[in-house]
Amino acid sequence: VKTILVADDERDLLTAVSGVLQDEGYDVIECADGKQALDMLVLRRPDAALVDVMMPFMSGTEVVAAARRDPRIDRVPIVLMSAVDDPGLKAGVAGFLKKPFALKRLLALLADVAGRP
């Protein structure tokens with residue numbers, strides 16, 4: 001079973017995405033901010049991470065930068081999500097989802113970067 005870390009400070013979105021991923025057969029690690037996401041990346045080493053850009057304590061881009069510097073987690077595929085479609089956000093990540101996104105697109109992208117559950 002594949003494990004996906006989902007980090008978003010919007011509780012409703014976090015709950016909805018986690019529920020969909022669990023329904024698809026993934027194990028899900030929920031994080032409410034960037035610092036928690038980075039800590040859980042190191043602790044649990046998921047198969048992939050879905051990380052919001054705008055979060056408290058550490059932004060998604062800061063999480064990506066820190067993960068790429070850490071040899072324990074530098075290969076974990078990270079998909080960023082944001083309401084802003086900035087080409088600069090796509091550097092160093094396995095994928096990008098512009099909010100709002102279709103669940104079909106989310107599942108296809110995660111299957112590509114992490115594999116099927």
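**Charged pairs and sheet**

I began with a pair in helix H2 (residues 34-44): Lys35 and Asp39 are four residues apart there, so about one helical turn separates them. Helices here are DSSP runs of H or I with at least four residues, strands are runs of E with at least two, and both are numbered from the N terminus.

Two notes on the source. The model is predicted, so I kept in mind that local features need pLDDT of at least 70, that side-chain atom pairs count only at pLDDT 80 or more, and that totals for chains, interfaces and linings use all residues. Residues are numbered from 1 along each chain as its sequence is written, and side-chain values use heavy atoms, with hydrogens and water left out.

**Entry: H2**

I checked the side chains of Lys35 and Asp39 and found a salt bridge, 3.0 Å from N to O. The term needs a side-chain nitrogen of Lys or Arg within 4 Å of a carboxyl oxygen of Asp or Glu. Lys35 is partly exposed at 42% relative accessibility. Asp39 is partly exposed too, at 38%. I used these cut-offs: buried is under 20% relative accessible area, exposed is over 50%, and partly exposed lies in between, with a 1.4 Å probe and protein chains only.

Next I looked at the ends of H2. Asp33 caps the N-terminal end, with a side-chain oxygen 3.0 Å from the backbone nitrogen of Lys35. Just after H2, Arg45 has a positive phi of about 45 degrees.

Which residues of H2 are buried? I listed Gly34, Ala37, Leu38, Met40, Leu41 and Val42. These buried residues pack against E1, E2, E3, H3 and E4. Contact means heavy atoms within 4.5 Å.

**Entry: the sheet**

I then traced the strands. Five of them form an open sheet with parallel pairing, in the order E2-E1-E3-E4-E5. Strand E2 (27-31) and strand E5 (95-98) are the edges, and each pairs on one side only. Neighbouring strands are turned by 20 degrees against each other on average, direction ignored. For pairing, DSSP must find at least two bridges between two strands.

I went through the pairings. Strand E1 (residues 3-7) pairs with E2 over five bridges. Ala7 has Cys31 in E2 as its bridge partner. E3 and E4 run parallel and are joined by four bridges. Here Val51 stands opposite Leu80 in E4. The chain crosses from E3 through H3 to E4 in a right-handed β-α-β crossover. Right-handed means that, with the strands pointing away from the viewer, the path from the first strand over the helix to the second runs clockwise. E4 and E5 pair in parallel over four bridges. Ser82 stands opposite Lys98 in E5.

How many residues of E4 are buried? I found five of the five, so E4 is largely enclosed by the rest of the structure. In a regular strand the side chains alternate between the two faces of the sheet. In E4, Ile78, Leu80 and Ser82 are buried on one side, and Val79 and Met81 are buried on the other.

I looked at what lies across the sheet. Helix H4 (residues 103-114) lies across E1, E3, E4 and E5 and runs at about 170 degrees to E5. Axes are lines fitted to C-alpha atoms, for helices over the stretch in contact, and angles run from 0 to 180 degrees between N-to-C directions.

**Entry: salt bridges across the chain**

I searched the whole structure and got seven salt bridges. In one of them, Asp8 and Lys99 have their closest N and O atoms 2.9 Å apart. Asp8 lies in the loop between E1 and helix H1 (11-23), and Lys99 lies in the loop between E5 and H4, so the pair ties together parts 91 residues apart in sequence. Is Asp8 buried or exposed? I noted Asp8 as buried, at 1% relative accessibility. Lys99 is buried as well, at 13%.

I also checked Glu30 and Arg11, whose side chains meet in a salt bridge at 3.0 Å, N to O. This pair links distant parts of the chain: Glu30 is in strand E2 and Arg11 is in helix H1, 19 residues apart. Glu30 is partly exposed at 31%. Arg11 is partly exposed at 48%.

Note on methods:
Polar contact = N/O pair within 3.5 Å; in protein donor to acceptor, adjacent residues only side chain to side chain.
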